[in-house]
Amino acid sequence: MNLAINSDNVRARVRDLPALPKAVHEVILALDDEDLRLDALAHKIAIDPAMVTKILRAANSPFYGMSGRIGSVHDALRLIGLRTVSALFTTAAVMRSIAPPSCEGFDFQGFWEHSLGTAICSQELARLCGYPQTLAFTAGLVHDIGRLALAAYYPHELAGSIAFARERDCPQFEAEHSVLGIGHCEVGAWIAAHWHFSDKVIEAIRQHHDPSEAQCATPVALADIVHTADGIVHALDLVHVGGDLVPRLQLGAWERLNLAPESYLPLFERTEMNFLGLREALI
Amino acid sequence: MVNAPTEHPRPSGADAGTEGTRVLTAQADMRLRELFRLWLRDGHVHPLIHLVKRYRSGDRD
């Protein structure tokens, strides 16, 4: 059975996706503003009641030990920090962008848990190698967004690809190219462009399974970070997906990160702790 | 060439991860960073799984 997908058709679908809320880009940009005031950021976030609910739920979660005592976004910002609140805000907005698909073999909750884990690990890796952390979190969060789009708009075809991967014991992205003739990396890059994410984020999505091709003026490419975080989150098995594979890690990406061996295990611990804290509030 | 299993490793499965750990333990005198380099050069991800096993076991040395 031919399950190949026409790439022009996919591009047209992507163009029809709703835009991300303007406030998401404003919050991401606001974090790069050194003069940012808590009040200003709290005001941007407070525009969206659903976001406020999620952020307050996170701030009052057992993870922060302030159960029931945080009543405003401003207090939440003080308690859990600008970066984490921004991460919560971005995650909640992106999660609302595409409805849960009905695609055999595709686990919607598992998808977002993996995305959140990769975002957190990307942020931790960025911190260790001096790369902008907000950018890394965002790229990690949306690195597989093309897969969600394929599940939503081509459920029959993606289900065939998932079955193919299971039968051949091969990675999902390889199965996608074999069965669909297109992969989630390309589709995700188109979506990120449609949502006006930065060129670095777009390229990180496109190259996260092959960062050797990433164009980069800095020693470390964002694709290196997301590629490595993706592997670590699979290896940590944070999502507990049966039959999951750990994708192959590229030597070049690992070497460009140049992590100190003593940082490996603390990296896992921070990734897992932050994942467990944020997952409870978001997913 | 550093010998390591070539099948796709699963994060929590006993197969590849256990084998990877066994091979890695046998070469414990090699510096971790260099072992990572050699295994990744040869296309394996088992050092990552080995590290996760160490992390899960509470071995932080």
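Residues are numbered from 1 along each chain as its sequence is written, while chains are lettered from A and ligands numbered from 1 in the order in which they are written. Because the model is predicted, local features need pLDDT of at least 70 and side-chain atom pairs count only at pLDDT 80 or more, whereas totals for chains, interfaces and linings use all residues.

Let us start with chain A. Chain A has 16 helices and zero strands. Here helices (H or I, at least four residues) and strands (E, at least two) are DSSP runs, numbered from the N terminus. Along its principal axes, the C-alpha trace of chain A spans about 55 × 45 × 35 Å. A compact globule of 283 residues would have a radius of gyration near 19 Å, and the 18 Å of chain A agrees with that. The radius of gyration is taken over C-alpha atoms, and the globule rule is 2.2 Å times the number of residues to the power 0.38.

How much of chain A counts as buried? The share is 51% of its 283 residues. A residue is buried if 20 or more other C-beta atoms lie within 10 Å of its own, exposed if 12 or fewer, and partly exposed in between, with C-beta atoms placed from the backbone. Contacts tell another part of the story: two residues are in contact if their C-beta atoms, placed from the backbone, lie within 7 Å. Among the contacts in chain A with a separation of 6 or more, 66% join residues 24 or more positions apart.

Now look at helix H12 of chain A, residues 184–194. This helix is mostly covered, with eight of its 11 residues buried. Among them are Val187(A), Trp190(A) and Ile191(A). The buried residues of H12(A) pack against H1, H8, H9, H11 and H13 of chain A. Just after H12(A), His196(A) takes a positive phi of about 65°.

One of those partners is H9(A), residues 145–153. The axes of H9(A) and H12(A) come within 7 Å and cross at roughly 100°. Axes are lines fitted to C-alpha atoms, for helices over the stretch in contact, and angles run from 0 to 180 degrees between N-to-C directions. H9(A) and H12(A) are therefore roughly perpendicular to each other. Angles under 35 degrees count as roughly parallel, over 145 as roughly antiparallel, 65 to 115 as roughly perpendicular and the rest as oblique. On the H9(A) side, the residues that meet H12(A) are Ile145(A), Gly146(A), Arg147(A), Ala149(A) and Leu150(A). By class, the contact of H9(A) with H12(A) has six nonpolar, three polar and two charged residues. Ala, Val, Leu, Ile, Met, Phe, Trp, Tyr, Cys and Pro count as nonpolar, Asp, Glu, Lys and Arg as charged, and the others, Gly among them, as polar.

A second pair to find is H4(A), residues 49–59, and H6(A), residues 82–95. They pack at an angle of about 135°, with their axes 10 Å apart, and are therefore oblique to each other. Met51(A), Lys54(A), Ile55(A) and Ala58(A) of H4(A) meet Val85(A), Leu88(A), Phe89(A) and Ala92(A) of H6(A). That contact has seven nonpolar, no polar and one charged residues.

Lys200(A), Val201(A), Glu203(A) and Ala204(A) of H13(A) make the contact with Leu222(A), Ala223(A) and Val226(A) of H14(A). These residues divide into five nonpolar, no polar and two charged.

Arg15(A) counts as exposed because it has 10 C-beta neighbours inside 10 Å.

Finally, meet chain B. There are three helices and zero strands in chain B, and 34% of its 61 residues count as buried. The contact between the chains takes 20 residues from chain B and 20 residues from chain A. On the chain B side, helices H2 (32–41) and H3 (46–57) are the elements that give two or more residues. By class, that side has 11 nonpolar, three polar and six charged residues.
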